[in-house]
Each structure stands twice: as C-alpha cells, then as structure tokens.
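Please read it alongside the sequence and the structure shown here.

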Amino acid sequence: MEISANTGNSVKTAAKKSTKRERKALFYGLLFTSPAILGFIIYTLGPMIASLYLSLTDYNVFKDTTSFIGLDNYIKLFSGEDDLFYKSLGTTFYFVILRVPAVIIISFFLAILLNMNVKGRAIFRTIIYLPSIVPAVAASMIWLWLMNPDLGLLNMALSWLHLPTSNWLFGEGSVIPSIVLTTLWGIGGTVIIFLAGLSGVPKSYYEAIDVDGGGWYSKLRHITIPMLTPTIFFNTIMTIIGSFQVFSEAYILTQGGPNNKSLFFVFYLWRTAFRDTEMGYASALAWVLFIIIMIFTVLVFKTSKSWVHYEGEKQ
Amino acid sequence: MRESRLKLTAGFTSLLIVSAMFIVPFLWLLRSSVMDLSQIFIMPPQWIPKPFHFENFKEALTVVPFGAFFKNTLIIVAGVLIGTVVSSTIAAFGFSRIKWKGRDMVFAILMSSMMLPGAVTLIPSFIGWKELGFYDTFYPLIVPAYFGGGMFNIFLLRQFYMSIPQDFDEAALVDGANYFQIYWRILLPLSRSAVIVVALFTFLASWNDFMGPLIYLKSDSRFTLALGLQMFQGSYNAQWDLLMAASTAVVLPCVLVFLLGQRFFLEGITLTGLKG
C-alpha cells in the first residue's frame with residue numbers, strides 16, 4: 001500500500017515539475033519573442049487591417065471628411081474608368097514575364113560556371129556578386145549614364161560594332177527590356193544561392209553518368225536540374241515577389257515614362273498615395289497587388305509538386 | 001569528378017567575358033567621375049582620363065550638403081543596426097532554444113509577413129507616424145528595427161541556432177543558469193559569424209533604402225545619401241561628371257564593407273538557402 005502510494009506521489013510531483021517547467025518555458029519563450037510578436041501586430045497585422053479598411057473609403061490627406069464608400073474604389077479600378085490601372089498592371093506583368101526567366105536562367109548557368117574548378121574562381125565570384133550590393137539609386141544613375149542615347153557606353157559600343165543603336169530608357173518599345181537589363185546586373189545574390197545548391201549535389205552522381213558514357217547535357221538534364229529544383233523553386237518565388245514590387249528603379253530611371261510605358265504598379269501606387277494624396281484609392285491598389293502576388297505564389301507552390309524533387313522523398 | 005582541360009578552358013573563358021561585363025559599369029562610373037565635361041564628349045571615348053579631375057569630388061560633394069546626408073545616413077544606419085541585432089537575436093533565441101507550446105505556429109504566422117508586399121502596410125504606417133507627429137523625423141525609419149528586426153534576420157539566426165547542440169543549454173539550466181545567461185554567455189558568443197552576417201545585410205539594406213526616406217523625410221537637411229543623390233540628379237541633370245563623382249561616393253562605403261566582410265556574406269546567403 002505504502003509503496004504504491006509513494007510511487008503515485010512521485011509521479012504526481014514529476015508531473016507537477018514538468019508543468020512548472022513547461023510554464024516557465026512558455027513564459028520565457030513569449031518574453032524573448034514578444035518584441036517580434038508586437039512588431040508583427042504593430043507593423044504588419046494592424047496596418048494590413050487598416051489598409052483593407054482604407055481601401056473602402058475615400059481617405060485623402062487634404063480632405064477633412066472621409067466617408068465609407070464600400071467597393072467603389074475597386075469598381076473604379078476594374079471598370080476601366082482608371083485606364084492607368086490596367087496600363088500599370090500590363091507593364092508590370094510584362095516586366096515580370098521578361099525578368100523572371102532571364103534572372104533564373106542566367107544565374108543558374110553562371111552558378112554552374114562558378115562551380116567549376118577553374119583558376120581565379122573566388123575572384124570571379126566576387127566580381128559577379130559585387131554589383132548586387134550597389135544601392136539601387138546609385139546603380140540607376142550608372143545605368144542612366146551607360147544607356148544615355150548620345151553619350152552612353154552602350155550606344156558607343158553598338159555603333160562601333162556597326163549595329164543599330166537604341167533609345168534604351170527613352171524608347172517606348174525598349175524601355176522595359178532596358179530596365180530588365182539594368183536589374184540583371186544585380187543577380188549576384190541569386191547566383192550565390194544556386195551555387196550553394198550545386199555544392200550539395202553529390203559528385204558520385206556525376207561519376208555514374210561518366211561510367212554510362214553520358215556527356216554534359218545528360219548530366220545537366222538528369223542530375224543538375226532535378227537535384228536543384230528546390231533551389232530553382234525558391235529563387236523563382238523570390239524573384240517573382242521582388243519583380244512585382246520594383247520601385248526605386250522605376251522612380252529614378254524613368255518616372256513612369258516615356259508616355260507611361262514604364263508605369264510600374266508600385267510606382268503608380270506611390271504616385272497615387274503620396275503625390276495625388278488619394279490614399280484610400282491607393283490602398284485598394286495595394287490590395288490588388290497583394291492578391292496578385294498571392295495568386296502567383298500559390299500557383300508556383302501548387303505546380304511545385306510535379307516538378308520539385310526533394311531528396312530522400314518517396315516518389 | 002575530373003573536368004577535362006577543354007571544359008575548364010571554356011568555363012574560364014566564359015567567366016572572363018561575364019566578369020568583364022559585370023565590371024565595365026564600375027569602370028565607366030570611375031572614369032567618368034574624374035573627367036570634366038569636355039573629356040566626356042570626346043569620341044572615341046577615353047578609358048583613362050587625361051588629366052584626372054579629382055576636384056569633381058570636392059565640387060559634387062559641396063554643391064549639395066553631402067556631409068549632412070552622410071551624417072543622417074550614419075545615424076539611421078547605426079540606429080537600425082543596433083535595434084536589429086539586439087531584437088533579432090533575442091527573438092531567434094526564443095524561437096529556437098526554448099521549447100514552448102505553440103512556438104512553431106507563432107513562428108509560421110510571423111514568417112508569413114515576408115510574403116506580404118510592403119505596399120500593403122505602407123500607407124497606414126505612414127498615416128500612423130504622421131498622426132503621432134513623427135513625419136519628417138528619423139523615428140519611422142529606425143524604431144521598427146527594435147521590434148523583431150525583420151523576419152528574414154530572425155529566420156537566418158534561428159537556422160543557425162538550431163544547428164548548435166541543445167546540451168549546452170540543458171547543462172546550464174541544471175546548473176541554475178537562466179535563459180538570459182544562456183543567451184548572453186553561450187548563444188551569442190557561439191553565433192558571432194551569423195550575427196555579423198545579419199549586421200552586414202542590415203547595414204546594406206538600411207544604407208540602400210530609398211522608399212522609406214522618400215516617404216518619411218521632407219526637409220533637405222534630413223535627407224539620406226540615397227535621397228540626396230536623387231535630388232542631385234534632379235538639379236545637375238546633364239553634369240554627368242559630377243553626378244558620377246557623387247554616385248561613386250555613395251557606392252564606395254558599400255563596396256568597402258562588402259570587401260571587408262566578404263567571407264561572411266557568402267556564408268550568410270548559403271545559410272538562408274534551403275538548408276533547413
């Protein structure tokens with residue numbers, strides 16, 4: 001009797017001890033993470049809700065009254081009354097469609113080159129990464145100068161090669177590809193992430209192909225690309241999200257011109273909110289952008305099941 | 001795996017060409033920054049200016065108060081740096097070294113904020129700071145860093161903390177240490193390189209920030225270098241020599257910081273990339 005009572009007691013104290021420990025862990029866990037949780041509430045969740053509400057009003061900094069107007073802002077957007085909305089949306093889509101594959105394909109092949117055992121590898125890596133740390137404002141100044149139609153280096157080089165020159169940022173047709181080109185200078189971060197992915201591919205896999213007598217193409221097709229699909233997936237999502245939100249380049253390089261041909265969505269949003277002070281309407285723009293980015297991200301996630309291979313996962 | 005000589009030569013040559021393409025904009029920037037306008041108009045272009053006009057820097061940096069912009073940028077960057085390092089290491093500790101109920105769910109919710117485009121929170125944040133009377137001050141640019149310091153940094157540090165064996169903490173807890181002591185005496189010293197990575201990324205992000213200062217700062221005297229450079233472009237439109245000199249001055253600190261911390265940068269990016 002006594003023995004059983006004793007064991008019962010010790011189990012009880014052990015349980016008490018563990019809940020006490022758990023409670024202590026919960027307290028300290030929340031204490032340590034509380035600045036981040038507060039930050040999330042103050043700077044993300046709160047503004048998000050506020051922005052959704054604002055998008056249903058006609059809030060304007062310079063007007064004394066603000067009234068709730070329901071979905072009017074969204075109706076104005078989608079009805080075509082605001083033709084700049086569709087224009088900026090089209091421009092941004094065009095930019096994303098042009099830029100994302102370019103960034104992914106070029107940085108993928110640059111990473112493969114940098115992964116080779118060539119002389120001066122570290123120096124090449126530094127040179128390719130360096131432009132990505134240049135402030136967007138300064139990089140834009142440099143590219144404005146390189147792409148200057150009269151005195152820029154690019155046109156000088158083209159005419160030296162007897163090729164047709166371009167108006168670059170000042171041509172209605174060439175402005176978006178030109179901006180894509182300027183942002184390609186900064187793909188170093190993406191390259192390094194690919195490089196990290198490549199270093200995780202076991203060398204023995206390639207040796208197996210060597211034994212089978214396969215060349216570089218079958219290595220690329222059957223090992224490198226499948227093994228790197230998680231990295232490709234990650235980089236694609238990040239590049240899509242980043243490309244939809246391009247702002248500094250748009251602001252400095254073209255201010256939306258020529259003839260609104262580079263009116264990027266976030267630039268248009270900024271202009272609506274801070275130059276025209278139509279903050280209610282601009283909030284509706286922000287929510288449209290949010291939903292578009294969400295749709296794209298979900299699409300990539302959904303399709304990822306069919307093309308992303310995780311190692312150790314059963315097929 | 002042995003790579004054939006032919007393949008290595010082809011790889012080396014391709015890298016040489018690509019590197020040249022990446023480096024030419026820098027060279028063009030530098031050479032333009034030490035030329036006067038008449039040299040800039042010479043055809044075919046000179047790569048090495050004759051003579052050098054180093055006085056461009058003096059002129060470019062004095063016609064607009066770049067000294068004040070530099071000081072403003074330093075104040076903001078320092079404030080953001082301290083806040084980010086302190087609050088992101090503390091939060092990452094709470095999300096990795098303490099096991100508490102609901103931890104991973106809270107972390108996942110907070111991580112979702114990384115997907116949210118900045119444009120969504122921009123307008124209400126602006127209105128909030130303005131209502132509080134902090135429009136045209138540095139506070140809106142600095143204070144948020146003290147509340148978590150960004151999920152990207154917390155994620156990166158958490159990845160690193162999880163790779164450190166938990167035994168240390170348990171031994172210390174048994175010896176009667178509290179969590180603050182474990183954080184301060186064990187985790188921080190062991191994660192120095194990860195903290196440096198966070199500091200470097202934060203420095204660059206804050207130094208390069210354009211949209212934040214553009215929205216929150218109004219008076220010229222409070223401008224940052226990024227804003228100042230943009231303002232300079234507005235007023236000295238066709239003066240490419242001076243504009244390039246000013247751009248060089250803005251780029252240079254970043255390049256120096258990068259070259260000094262290069263090892264940590266590459267490690268840091270690798271740390272974020274999918275190892276989790």
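A crossing of two helices is left-handed if the near helix is turned anticlockwise from the far one by less than a right angle, and right-handed if clockwise. By that rule, helix 8 of chain A passes helix 10 of chain A in a right-handed crossing. The model is predicted.

**Interface of chain B and chain A**

- The contact involves 92 residues of chain A and 91 residues of chain B.
- About 8,200 Å² is buried between chain B and chain A, and carbon and sulfur atoms give 83% of that area.
- Zero salt bridges are counted between chain B and chain A.
- Six residue pairs are in polar contact across the interface, with both residues at pLDDT 80 or more.
- On the side of chain B that touches chain A, helix 1 (residues 5-33) of chain B supplies the largest share, 18 residues.
- That side of chain B is made up of 68 nonpolar, 17 polar and six charged residues.

**Helix 4 of chain A with helix 1 of chain B**

- Helix 4 (residues 121-129) of chain A and helix 1 of chain B cross at roughly 35 degrees, and their axes come within 9 Å.
- This crossing is left-handed.
- From helix 4 of chain A, the residues in contact are A:Phe124, A:Ile127 and A:Ile128.
- Helix 1 of chain B meets them with B:Phe12, B:Leu15, B:Leu16, B:Val18, B:Ser19, B:Phe22 and B:Ile23.
- The contact of these two helices has nine nonpolar residues, one polar residue and no charged residues.

**Helix 8 with helix 10 of chain A**

- Helix 8 (residues 188-198) and helix 10 (residues 216-244) of chain A have axes 9 Å apart, at an angle of about 145 degrees.
- Helix 8 of chain A contributes A:Thr190, A:Ile193, A:Phe194, A:Gly197 and A:Leu198 to the contact.
- Helix 10 of chain A contributes A:Thr224, A:Leu228, A:Thr231, A:Ile232, A:Phe234 and A:Asn235.
- By class, the contact holds six nonpolar, five polar and no charged residues.

**Backbone features**

- Most residues other than glycine have a negative phi, and most peptide bonds are trans.
- The peptide bond from A:Gly257 to A:Pro258 is cis, with omega near -15 degrees.
- A:Pro258 sits in the loop between helix 11 (248-254) and helix 12 (265-275) of chain A.
- A:Gln255 also lies in the loop between helix 11 and helix 12 of chain A, and A:Gln255 has a positive phi of about 50 degrees although it is not a glycine.
- In chain B, B:Lys50 and B:Pro51 are joined by a cis peptide bond with omega about -5 degrees.
- B:Pro51 is in the loop between helix 2 (37-40) and helix 3 (55-63) of chain B.

Terms used: Residues numbered from 1 in each chain as written. Chains lettered and ligands numbered in written order. Predicted model: local features only at pLDDT ≥ 70, side-chain atom pairs only at ≥ 80, totals over all residues. Heavy atoms only, no water. Contact = heavy atoms within 4.5 Å. Buried area = accessible area lost by both parts, 1.4 Å probe. Salt bridge = Lys/Arg side-chain N within 4 Å of Asp/Glu carboxyl O. Polar contact = N/O pair within 3.5 Å; in protein donor to acceptor, adjacent residues only side chain to side chain. Helix = DSSP H or I, 4+ residues; strand = E, 2+ residues; numbered from the N terminus. Nonpolar A, V, L, I, M, F, W, Y, C, P; charged D, E, K, R; others polar. Axes fitted to C-alpha atoms, helices over the stretch in contact; angles between N-to-C directions.
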